[in-house]
Amino acid sequence: MKPLRQITTVAIVLVFAAIIPTYAATLTVCSSSCDFTSIQAAVDAASDGDTIELGAEAFFEGQIDIENSLNIQGAGADKTIIDFGGGDGLRVVNGVETFTLSDLTLQNASWDGAVYVQGSVGTTSLNHCIVRGNIVGMTSGQMMPLVTSRTTLLNHCTVSGNIVGIASQMFPYFSGAAAAPVIINGTTISDNTVGVQAGGQGIHWIGYNGNVHVVNSTITHNQVGVSVVAGGCSPDPPWECTYVSGSVTSSTIAYNDCGTSYGAGPRTSFRLQDTIVASNTTDVCGDFGMLLGNNLLGPTDPLLLPLADNGGPTPTHALHPDSPAIDMAGDECEPTDQRGMERPVDGDGDGIAKCDVGAFEYVPPASLVNQLIEHVESLDLHHGIENNLLAKLNAAWLVLTDVPTGNDHAAVNILGAFINAVEARHGKKIAAADADALIDAAEEIIGFL
Ligand SMILES: [Ca+2]
Ligand SMILES: [Ca+2]
């Protein structure tokens with residue numbers, strides 16, 4: 001019989017072993033001086049909850065299988081590129097609870113998609129990513145014979161130059177229930193053959209489930225912006241009716257050959273709210289059975305400016321100051337626009353702040369100058385410098401608010417003088433990062449004038 005003390009020691013060790021948490025590890029991948037040179041090798045070595053950090057370079061791997069809950073972190077979408085070279089892309093298999101991709105580019109994958117998400121539970125997230133030049137950018141539930149209850153989130157990504165940008169349940173699906181949601185937030189989907197596809201092509205009794213929610217996003221220059229396709233009902237049991245659901249909210253659908261293509265089925269629920277569907281070659285193709293709420297629809301011209309960097313992580317269509325979309329939505333809307341600009345802003349100068357329809361909230365240049373004034377005041381600069389800068393900004397505000405003349409040309413000159421004054425003190429009396437932020441903000445205002 002063991003002495004009591006030894007038993008106690010063993011018990012204590014066992015208790016401690018049980019309560020010591022396992023810490024998530026970070027595994028690095030790059031061509032030299034990292035833990036691994038291949039992403040798949042790092043993925044294979046990783047455990048649930050680990051982070052895989054990719055260097056600022058291009059990685060060429062045809063297929064990467066994800067079988068654990070992982071966080072893959074790049075150095076920036078313009079710096080870390082995963083090129084699948086026509087291969088099958090990232091495949092997130094059944095049973096992975098959480099999978100997150102951030103700050104990287106995914107390109108040149110085949111039909112299965114740059115990210116192919118299988119069921120059954122959990123969440124897949126893409127943050128600040130570029131998904132480009134793939135046959136399919138992202139697929140949720142392709143060829144899945146079972147319900148996928150995996151939620152897929154795209155936050156602040158650019159999905160461009162794919163044949164299908166984002167697909168929810170592209171291929172056969174045999175149940176009456178809706179698929180797990182694909183939620184697209186603050187994302188620009190441009191220059192794809194089909195931007196967003198909810199459901200697949202309707203082939204007689206085979207059902208196609210899609211469940212896509214688009215918020216604060218820009219869908220532009222695609223052949224088809226949003227395609228909602230529902231099949232019919234099965235003539236024979238056990239096949240049931242298809243179910244396609246989803247929504248597009250506070251988004252801009254413009255400059256597509258076909259803005260929305262909607263083939264309604266018997267169990268379809270798709271809602272368009274506070275959204276621009278205009279300036280497409282054809283705004284609505286096929287049946288238009290969507291539920292509608294307060295949208296700006298063609299042929300009304302929303303007076304969009306060209307797709308450009310208007311601040312925020314993704315390109316947007318800014319609104320012309322005379323756009324009918326300004327202050328067209330109600331009081332209840334998304335708290336920010338696609339760029340992260342707070343909503344609502346009084347854009348038409350009637351003293352009542354209301355949200356704009358679409359992904360972009362118009363802020364009058366005088367209000368932007370006001371924000372810049374507050375920014376300067378918050379920096380705690382030397383008094384003389386602060387007064388000098390504020391004098392210029394106040395002068396700009398005055399000429400912009402001089403109703404009805406509103407002298408934009410004078411404001412541009414004054415803001416140019418403001419930029420020169422900041423540059424002269426860049427890294428000296430004004431910290432470099434603060435100076436950069438002030439110059440960026442002033443240049444952005446000039447861009448709108
Ligand atoms: Ca507004
Ligand atoms: Ca207003």
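Analyst: Leaving out residues up to four places away in sequence, Cys 129 touches Ala 77, Leu 101, Leu 104, Thr 105, Leu 106 and Cys 157, where two residues count as in contact if their C-beta atoms, placed from the backbone, lie within 7 Å. The model is predicted, so local features need pLDDT of at least 70 and side-chain atom pairs count only at pLDDT 80 or more, while totals for chains, interfaces and linings use all residues. Residues are numbered from 1 along each chain as its sequence is written, and chains are lettered from A and ligands numbered from 1 in the order in which they are written.

Cys 129 is also among the residues with the most contacts inside the largest nonpolar core, together with Ile 52, Val 115, Ile 184 and Val 196, and this core has 104 residues. It draws at least three residues from each of domain 1 (4–297) and domain 2 (365–448), the bounds coming from an automatic or database domain assignment. A nonpolar core is here a set of buried Ala, Val, Leu, Ile, Met, Phe, Trp, Tyr and Cys residues joined through C-beta atoms within 7 Å. A residue is called buried if 20 or more other C-beta atoms lie within 10 Å of its own, exposed if 12 or fewer, and partly exposed in between, with C-beta atoms placed from the backbone.

Val 131 belongs to strand β12 (residues 130–132); helices (H or I, at least four residues) and strands (E, at least two) are DSSP runs, numbered from the N terminus. Val 131 is buried, with 32 other C-beta atoms within 10 Å. Apart from its neighbours within four places in sequence, Val 131 is in contact with Leu 106, Ala 114, Gly 137, Met 138, Cys 157, Val 159 and Asn 162. Cys 157 lies 26 residues from Val 131 along the chain, yet their C-alpha atoms are separated by 7.6 Å.

Strand β12 takes its place in an open sheet of 10 strands, ordered β3-β6-β9-β12-β15-β18-β21-β24-β27-β30 with parallel pairing, where two strands pair if DSSP finds at least two bridges between them. The edge strands of this sheet are β3 (58–60) and β30 (296–297), each of which pairs on one side only. Within the sheet, β15 (residues 158–160) pairs with β18 (residues 188–190) in the parallel sense over 3 bridges, and Thr 158 stands opposite Thr 188 in β18.

Strand β19 (residues 194–198) is mostly covered, with 5 of its 5 residues buried. Strand β16 (residues 164–168) pairs with β19 in the parallel sense over 4 bridges, and the bridge partner of Ala 167 in β19 is Gln 197. Strand β22 (residues 224–229) runs parallel to β19 and is joined to it by 4 bridges, with Val 196 opposite Val 226 in β22.

Val 92 stands opposite Val 117 in β10. Strand β7 (residues 89–92) is also joined by 4 bridges to strand β4 (residues 63–66), again running parallel, and there Asp 65 stands opposite Arg 91 in β7.

Helix α4 (residues 383–400) has 18 residues, of which Leu 389, Lys 392, Leu 393, Ala 396, Trp 397 and Leu 400 are buried. Seen down the axis, the buried residues of α4 fall within an arc of 140 degrees, so they line one face of the helix; the arc is that of the directions from the helix axis to the C-beta atoms. On the other side of α4, His 383, Gly 384 and Asn 387 are exposed, while its buried residues pack against α3 (365–378) and α5 (408–424).

In α3, the buried residues are Pro 365, Leu 368, Val 369, Leu 372 and Val 376. These residues cover an arc of only 100 degrees around the axis, which puts them on the same side of α3. Gln 371, Glu 374 and Ser 378 are exposed on the other side of α3, whereas the buried residues of α3 pack against α4, α5 and α6 (432–448).

Taken as a whole, the chain contains 6 helices and 32 strands, and buried residues make up 47% of its 449 residues.

Terms used
The expected span of a helix is 1.5 Å times one less than its number of residues.
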